[in-house]
Amino acid sequence: MSLTEIVSFLELSVFPSVALVFFLTAFLAILWRVLRQPRSETDLAASIPLDDDVVFTPRVSIKEKSTDMTDKGASHG
Amino acid sequence: MVPSTTKIHRRQHDAHTNRKRVHTVADQAEQAIHADAPSHPDRSGLESFVYDDKIVRMFAWATVGWGIVAMLVGVIIALELAFPKANLGISFISFGRLRPLHTNAAIFAFAGNGIFAGIYYSTQRLCKARMWSDMLSKLHFWGWQLIILSAAITLPLGITQGKEYAELEWPIDIMIAVVWLVFFGGNFMMTLIHRRERHLYVALWFYIATIVTVTVLHVFNNLWVPAGLVYFFEHGQIPSPELALKSYPIYAGVQDALMQWWYGHNAVAFFLTTPFLGLMYYFLPKAAERPVFSYKLSIIHFWSLIFIYIWAGPHHLHYTALPEWASTLGMVFSVMLWMPSWGGMINGLLTLRGAWNRVASDPILKFFVIGVTFYGMSTFEGPLLSIKSVNSLSHYTDWTIAHVHSGTLGWNGFMIFGMLYWMMPRLFQAKLYSKKLCVLHFWIGTLGIVAYILSIYAAGITQGLMWRAFDANGRLSYPAFIETVTILIPMYWVRVLGGLLYLAGALIGLYNLYMTWRARPAKYEEPVHYAPALSKNDNNDPKAESRLHANTALGDAGDKFIQGIWHRSLERKPVKFTIWVLVAVLIGSIVEAVPMFLISSNVPTVATVEPYTPLELTGRDIYVSEGCYNCHSQMIRPFLWETMRYGEYSKPGEFVYDHPFQWGSRRIGPDLAREGGLRTNLWHYRHFKSPQDLTDGKSIMPPYPWLLKNTINFDEIRGRVDSMALLGVPYGDLLLDDNTVEAAKQQAREIAVELESQGGPPAMETWDKKVIALIAYLQRMGTDISKAPPAQKAEEGEQ
């Protein structure tokens, strides 16, 4: 008996139903985790992009240069 | 309840304070560094590193350059629809060949390079690490540009697989797999492994999902048999370049359609959505100078999105020969997508809380706000279009084109422009040349999008309603298809205008960025950064301990699970995280694909359907090569207005020898599923020569004079037929000796003689021309189903 024949005996609706159960289980687990996550932990994670230039060499002026580069809009012509 | 601004600010302040605590070591080191030049970073236990911004600059320039090419080609093909004479009778620029170039350039060249620029910039900073290998970064860049260049050469030459957004032929497919997975994916993953930031920020999750899923999609949708290699090994002859680059997908008909739209939809999901969401989660907080509105929401957004998106592909095939269960599954999951998509959009827009006043003055924020808003609009419209009743009106019309362009021009385009305007002055270490030009770009681009999508929405709905309109006597109100096309021409002109405006905006952007680049320093400074290395020993993750005194291990395990620390651990382990992402996307794929491929009842056979003759197969390859599927469908849906116009609705069993399927997704011209026998050979011949001559100048189809001149390579038809046989197409005795070539020549002569008898040119002049093969294919289309079944034939023979 081939794999095709074996699978042909299965009830098709089982496939999406089982997958939906997988999804809902995973979703609820993640939701549970997220709701219980301390605010301080998520705030810390959320601030990572804003804190990605932690230590600069003192001679470097790029940080100053990069501050609000678009605000003035002055032409360099 | 919405937290007050004060609370939010306090929370942000606390977060920053916490981070300061985390980086106490770093701060101390910084003081040491200030006191002493950074020549002894090891003293303080820190590692020094420099970000590779050169690779970001290279990708950023490639984004702008290829973006303008993509937009220019888009304007040209828009013009060809509004003004068909713009095709000029030149094969390289005919609509069917250029449209794939436009889509591929927009997706893989413009958006692709934009993604890479953003990912290389943000990943290094989020990981506090230089990319793992400069060599892999360079190989990635140059490999990707080579792929794009290959596409720009092969697609206008008509070298294509004939599957939307997967047109590139097999050697380029291999290049894509290597460049994407090995050079890009390998380098990215090794950077994550060697990072110096413990937590993987949510943007990195989206990048991981992008890399993993695009690999899976690309590989499984591009399994093929190269016809040139088959020809070489079977007959020992070197194939022509045309055959050498030709391949046939291993899937046929319904299965190929399911695989293609699983790929096609998820190319939108995992190439045009997830990486851009990652960029949104990084660049929007940077530009707004505040953290993302809700990190918790971003976690839910991520997992829901990647799990659900992968299921939605079949909504591209509603009312086709795809089994209904698969179609319904696609629709249900598409509707479910509303929630995570809007969760992401809301998270993006609310990141600007307290900074909305800056949107008025900061053009970068303007780009981001409109980009995210278009994301919300597109992801509202997508599920709407997936609902079967809506889809019955929208499918095959310009409505889909408008939807796609609101996403690419609005969401992808504006996010890229916003990102470039934010990033490139920093990369060039110079101020943006002109804020006014940036604002001008924003407004021209916005006007361009609005002009484009409004006109094309109107065109789509107009045409869809005209197709299904009946008069008082129950007849089609617009039986001539061409009536439903000519009415769209004014709207097509507005689209040209919209495209031109968007292109003009991009050119202004190019000028602005070029002038910014000119103000760069003679030598870029390369700031040295310091951060402590991560090691397994300093993993301060709390370990879950069971709080129960359970008698079973299961109870203890359950209690550890509900404490939720498992996810925090997952957020810090890139390899494990990647595996779970792969599991999430594979579940939906397997559920849809396995039953489709293994259950034979899904594709009931039709006894009278036979393989294409060698000449018809050659004609079909020309059909694919010319990109006819870009304007013509081969799928009659089971609606009265369709069966009255085109004939019997299409059955799954009719396509079992179609490698690749050619159902199409847009009807700029009429459906061709039952074209066989409807018109004479002479009509087709004259139609290819000049479509306008047969339609009082109304047709917008380009002429194909080269098909009347170029000859068929009869000998190489053996390579085509052998490849099909390798895929299981029963060609029987045709495979023996020179039967294939003789059969093809015989049929070609018969068609040419008939053509001459109908008043066409002498058979001796036409019999070996490509147009004859294409006519053979057209005359075969959809005719098998009306043939007498084998048993009936036998009975008739006996009588």
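**Note on the predicted model: helices, cores and a cavity**

1. T215(B) sits in helix 7 of chain B, which covers residues 202–221. The model is a predicted one. T215(B) counts as buried because its relative accessibility is 16%, and the cut-off for buried is under 20%. Beyond its neighbours up to four places away in sequence, T215(B) touches W180(B) and L181(B).

2. V372(B) belongs to helix 16 of chain B, residues 363–386. Its relative accessibility is 1%, so V372(B) is also classed as buried. Leaving out neighbours within four places in sequence, its contacts are M280(B), L284(B), M345(B), L349(B), W411(B) and M415(B). Now take G410(B). In sequence, V372(B) and G410(B) are 38 residues apart. In space, their C-alpha atoms are 8.2 Å apart.

3. Next, the nonpolar cores. Which residues have the most contacts inside the largest nonpolar core? They are W144(B), W303(B) and M423(B), in a core of 196 residues. M423(B) touches V56(B), A117(B), Y121(B) and F283(B), with residues up to four places away in sequence not counted. Another core, of 48 residues, lies apart from the largest one. Its members include F714(B), A744(B), I751(B) and A773(B). As background, nonpolar side chains in soluble globular proteins tend to be buried together.

4. On to cavities. How many cavities of 30 Å³ or more does the structure hold? There are eight. The second largest cavity contains about 210 Å³ of space. Its lining consists of 17 residues. Nearest the centre of this cavity lie Y612(B), E654(B), D658(B), M781(B) and G782(B). What is the lining of the second largest cavity made of, by class? Seven of the lining residues are nonpolar, four are polar and six are charged.

5. Chain A can be described briefly. Its secondary structure consists of four helices and zero strands. Read from the N terminus, the elements run α-α-α-α. Chain A has 77 residues, and 39% of them are buried. The chain exposes about 4400 Å².

Key. Residues are numbered from 1 along each chain as its sequence is written. Chains are lettered from A and ligands numbered from 1 in the order in which they are written. This is a predicted model: local features need pLDDT of at least 70, side-chain atom pairs count only at pLDDT 80 or more; totals for chains, interfaces and linings use all residues. Side-chain values use heavy atoms; hydrogens and water are left out. A nonpolar core is a set of buried Ala, Val, Leu, Ile, Met, Phe, Trp, Tyr and Cys residues joined through side-chain atoms within 4.5 Å. Buried means under 20% relative accessible area, exposed over 50%, partly exposed in between (1.4 Å probe, protein chains only). Contact means heavy atoms within 4.5 Å. On a 1 Å grid over the protein atoms alone, a cavity is a set of points where a 1.4 Å probe fits but cannot get out, and a pocket is an open set with protein on both sides within 12 Å along at least five of seven lines; lining residues have an atom within 4 Å of a point. Grid points are joined across faces, edges and corners, and a volume is the space filled by probe spheres set on the points. Ala, Val, Leu, Ile, Met, Phe, Trp, Tyr, Cys and Pro count as nonpolar, Asp, Glu, Lys and Arg as charged, and the others, Gly among them, as polar. Helices (H or I, at least four residues) and strands (E, at least two) are DSSP runs, numbered from the N terminus. Accessible areas come from the Shrake-Rupley method with a 1.4 Å probe; for residues, only the protein chains shown count as cover.
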